[in-house]
Amino acid sequence: MARANAAYYATKDPFADFTTAPEISQVFGECLGLWAAMVWDLMGKPSPVILAEAGPGRGTLMADAMRAIGAAAPDFAAALRLHLIETSPRLRAEQATRLDATWHDDLADLPPGPMILLANEFLDALPIRQFIRHEDAWMERWVRDGAFVERPAPDAPTTGAETGTIQERGDAALAWVTALSARLATQGGAALLIDYGPATSGPGDTLQALRHGQVADALADPGAADLTAHVDFAALARATTAQGPVPQALFLARLGFLARTAALSAANPRQAPKLAMAAHRLTAPEAMGRLFKALAICHPDLPPLPGFAA
Ligand code: SAH
């Protein structure tokens, strides 16, 4: 359903329409960089190792992560090879101004070997399918010429539900995460996926278009607005070797996000109000702290990873 997103990301500046955690606070990417360094230790410090990111946006998260890794874990910095998965030529060019990396269109194009992968707000940009329950059957909803059309689908849900119920299915995210899990199980490593969605699966229409920070009509002018939908973390965790999901606020607190924010504020008092607001936005339950979740996909032999154990 959100297939128009490929055209959107290729031609528009998505950051005019929405903002993301790494653009809000540098501490977000720094914490994820330190997470990767700790996971590399738990993996037995393979060298070389792939550090990958899916959907790096402006490259801010990885630039912040690399700075933190360089300062805190120089041996990891020396061992890692940076690989970015990005389909938008425009965003690739922006990433290249900040990062020395190798670019790929798809997960399947990465070279083999142990890997640590990060992805923030990547899965929500992948297409979803929507089904609607009529009195006697489920139909799949499609968008054509700015309107919904409905068709029967051989693989529609099979359970009954109240007439009018909308059920979404993130088949593309599930296929992507299943392939990632299979790769990590044979070649080693772990992935950290941060996105927004409920902890338990359920019905509901979450498809949303964002334009200039405002909710827009998801059907009008495909390719002009960013289309997103909630990620079904429970379905992803069921299909893979996973840890979590845990709410973003808890995950970041366990990684020392608040202590790092306090230290940075003490060193740069003029930045303190901005850093405090950013920390609130990322961790308050009514802001991004609860709806956003962190999920780790990992090799089955890895112990509990940082942020996922109490
Ligand atoms: N992680 C960034 C950007 C999130 S926006 C941040 O947190 O700021 C989604 C990103 O995924 C963009 O970089 C977009 O171009 C990329 N993207 C969307 N669909 C993709 C796909 N199918 N394959 C690879 N990259 C994709």
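The model is predicted, so local features need pLDDT of at least 70 and side-chain atom pairs count only at pLDDT 80 or more, while totals for chains, interfaces and linings use all residues. Residues are numbered from 1 along each chain as its sequence is written, and side-chain values use heavy atoms, with hydrogens and water left out.

Threonine 20 lies in the loop between α1 (4-11) and α2 (21-24); helices here are DSSP runs of H or I with at least four residues, numbered from the N terminus. With a relative accessible area of 7%, threonine 20 is buried (under 20% is buried, over 50% exposed, and in between partly exposed, with a 1.4 Å probe and protein chains only). Apart from neighbours within four places in sequence, threonine 20 is in contact with Phe15, Asn120 and Glu121, contact being heavy atoms within 4.5 Å.

A disulfide is a pair of cysteine sulfur atoms within 2.5 Å, and by this rule the count is zero. The sulfur of cysteine 31 is 20 Å from the closest cysteine sulfur, that of cysteine 298, which is too far for a bond. Cysteine 31 is buried at 3% relative accessibility, and cysteine 298 is buried at 2%.

The axes of helix α10 (residues 257-267) and helix α11 (residues 272-283) come within 9 Å and cross at roughly 170 degrees. Axes are lines fitted to C-alpha atoms over the stretch in contact, and angles run from 0 to 180 degrees between N-to-C directions. The two helices are therefore roughly antiparallel, a term for angles over 145 degrees. On the α10 side the contact is made by Phe257, Leu258, Thr261, Leu264 and Ser265, and on the α11 side by Ala272, Leu275, Ala279, Leu282 and Thr283.

Terms used
Parallel < 35°, antiparallel > 145°, perpendicular 65-115°, else oblique.
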